[in-house]
Amino acid sequence: MATLDCDVVVVGLGNAAQAAAASAHETGAKVIVLEKAPEKKRGGNTWFSHGAQFRHYHNGIPDVKPLLPHVPESEWEKIDLPPYTKDDFYADIMRVTRGRSVPELAELLVNESYPTVKWMRESGIQWEILYTDAKPESGRFRWHHGSSFIHSKDGGAGLVDMWHRILQSKGIEVRYENGAARLITDEKNAVRGVVVQTPEGLAEVRCKGVVLACGGFQASPALRAQYLGSGWDLAKVRGTKYDTGDGIQMALDIGAQAFGHWSGTHATPIDADAGDYEGGFLDPANRRYRTHRYGWTLGIMVNTEGRRFLDEGEDFHAYTYAKTGGEILKQPGGIAYQIFDEKVKEAVARHLYEGATPIVANSIRELAEKLEIKPDALVQTVEEFNKAVTEDRPFDQIIRDGKCTKGIQPPKSNWAQRIDTAPFVAYAATCGLTFTLGGLKINTRCQVLNRLDRPISGLYAAGELTAGFFYYNYPSGGGLMRGAITGRIAGRNAACL
Ligand SMILES: Cc1cc2nc3c(=O)[nH]c(=O)nc-3n(C[C@H](O)[C@H](O)[C@H](O)COP(=O)(O)OP(=O)(O)OC[C@H]3O[C@@H](n4cnc5c(N)ncnc54)[C@H](O)[C@@H]3O)c2cc1C
């Protein structure tokens with residue numbers, strides 16, 4: 001068996017792994033990165049993060065300016081950005097996770113968010129302003145919520161490329177088609193290396209510390225059925241097919257503690273025509289036609305029986321999208337139809353339904369026939385909904401406008417408008433699984449803990465396979481932020497061994 005030596009092995013080549021490799025190198029370690037995918041498929045879910053939004057705290061423009069040195073003063077003068085404080089961020093995490101997020105981990109995510117995006121900028125990651133989240137108003141751009149302001153240049157693929165250039169400039173070795181298969185431990189159960197599956201057979205990489213950053217188990221149908229439950233084995237996966245839970249399994253095999261919300265997912269509404277894997281794009285090879293279908297808050301969503309099944313206006317999609325995919329999966333056939341009328345056509349267009357196939361009709365009955373839903377059922381749903389819409393305040397999609405329904409179940413709590421203006425449009429959506437929430441227990445040094453809550457010497461974890469941050473749901477832009485934070489910390493600490 002071929003054997004290599006280094007100080008730190010990083011398993012994976014997504015955002016968390018790349019942050020870990022850069023950070024370990026910065027701390028003086030010789031690093032080897034193992035990536036299971038071939039080079040042209042490198043980057044994991046990170047590559048698919050088309051928005052590549054990073055959620056971080058800030059106190060308004062003075063804080064975000066250093067992140068965007070290329071933005072001229074004349075552009076800043078047109079921007080209104082409210083602060084997004086640490087307290088706001090923490091409250092958002094706790095609200096969407098129903099208070100279950102582990103406080104120390106939620107604090108880590110919040111407190112390290114701004115320092116980490118700053119470190120990334122200093123390391124060579126370029127940020128851009130997320131203008132799609134701003135409202136143009138009389139020549140100015142206004143953010144009503146400061147939580148969503150930056151994304152990496154050229155999205156997830158750009159992020160992977162920029163990290164890759166940083167790793168190359170540091171001379172860090174990346175070995176493709178090298179899947180970590182097993183952890184090597186010594187007589188005290190300290191981790192001393194990794195057994196690797198390569199195209200030539202098994203190899204060993206010996207080291208002082210290992211950072212596992214190789215994603216959740218969302219791409220394993222067997223583990224999905226086992227932990228998420230019936231039906232999830234057939235769900236479409238929005239990202240890479242290589243995140244099959246290997247890192248979690250390897251760590252459990254040497255006594256790591258299984259932790260977090262093992263039946264929980266981040267799963268969103270996506271185009272019903274998306275592929276089984278790489279479903280984030282209808283055309284992943286060319287990065288064309290994003291499949292996210294996040295405009296449902298503007299209309300209603302019904303199942304194939306013509307029934308509504310959730311509160312479409314519970315909150316902004318940034319705070320509900322990650323749990324809405326799972327609700328669609330529970331419906332017959334795992335399909336839902338998002339229905340809009342002409343009034344919201346422009347507003348829906350802002351959600352970039354590119355590549356989607358709209359089903360258009362001049363009446364609700366005709367729409368039902370085209371969708372193969374019983375016409376009477378859909379007509380009744382829309383009539384009941386329309387009757388329940390309150391008219392005591394104006395519709396405003398930019399704020400939680402409180403324009404709601406009264407007297408129907410489920411209610412619509414915001415943005416309720418009658419569906420009464422032809423043509424009517426429906427889009428078929430299904431559940432798109434982004435990542436799983438169960439995984440490894442870590443401490444704030446990103447050490448993997450054993451079943452006695454003690455660190456396993458030499459073993460660190462970062463990114464999607466770390467558990468305890470998110471339960472039930474998730475605030476948008478939290479996945480990449482968690483990956484960069486935990487990667488940076490894990491890499492630095494693994495290098496200090
Ligand atoms: C369509 C889509 C859009 C998204 N948009 C956003 C967004 O805007 N903002 C946000 O914060 N999050 C977003 N996310 C979530 C985000 O992509 C993930 O949370 C994040 O990229 C996870 O990073 P990671 O490094 O932990 O894992 P990944 O990026 O998935 O990297 C894991 C890597 O490990 C490799 N690997 C797996 N097994 C092995 C093994 N045995 N040996 C070696 N290598 C292995 C994989 O090939 C992969 O390269 C989005 C996800 C998708 C799919």
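## Domains

The C-alpha centres of domain 1 and domain 2 are 32 Å apart. Domain 1 covers 2-215 + 437-495 and domain 2 covers 267-432, with bounds that come from an automatic or database domain assignment. The model is predicted: local features need pLDDT of at least 70, side-chain atom pairs count only at pLDDT 80 or more, and totals for chains, interfaces and linings use all residues. Residues are numbered from 1 along each chain as its sequence is written.

Between the domains, 12 residues of domain 1 are in contact with 11 residues of domain 2; contact requires C-beta atoms, placed from the backbone, within 7 Å of each other. The side of domain 1 that touches domain 2 has six nonpolar, five polar and one charged residues. In this classification Ala, Val, Leu, Ile, Met, Phe, Trp, Tyr, Cys and Pro are nonpolar, Asp, Glu, Lys and Arg are charged, and the others, Gly among them, are polar.

## Six-stranded sheet

An open sheet of six strands runs in the order S10-S3-S2-S14-S26-S25, with mixed pairing. Strands are DSSP runs of E with at least two residues, helices are runs of H or I with at least four, and both are numbered from the N terminus. Two strands pair if DSSP finds at least two bridges between them. Strand S10 (173-175) and strand S25 (447-449) are at the edges with a single partner strand each, so one side of each has no neighbour in the sheet. From one strand to the next the twist averages 30°, taken between N-to-C directions of lines fitted to C-alpha atoms, on a scale from 0 to 180 degrees.

Strand S2 (residues 8-11) runs parallel to S14, joined by four bridges, and Val8 is opposite Gly209 in S14. S2 is also parallel to strand S3 (residues 31-34), again through four bridges; here Val10 has Val33 as its bridge partner. Three bridges link S14 to strand S26 (residues 455-461) in parallel, and Leu212 is partnered by Ala461.

In strand S14 (residues 209-212), Gly209 and Val211 point one way, Val210 and Leu212 point the other way, and all are buried. Buried means that 20 or more other C-beta atoms, placed from the backbone, lie within 10 Å of the residue's own.

## Ligand shell

The ligand is surrounded by 43 residues, the closest being Gly14, Gly44, Gly280, Gly463 and Gly479. Elements giving two or more residues to this shell include helix H1 (15-26), helix H2 (44-48) and helix H15 (478-495). H15 gives the most, with five residues. By class the shell has 15 nonpolar, 22 polar and six charged residues.

Conventions:
A residue is near a molecule or strand if its C-beta atom, placed from the backbone, lies within 6 Å of it. Two residues are in contact if their C-beta atoms, placed from the backbone, lie within 7 Å. A residue is buried if 20 or more other C-beta atoms lie within 10 Å of its own, exposed if 12 or fewer, and partly exposed in between; C-beta atoms are placed from the backbone.
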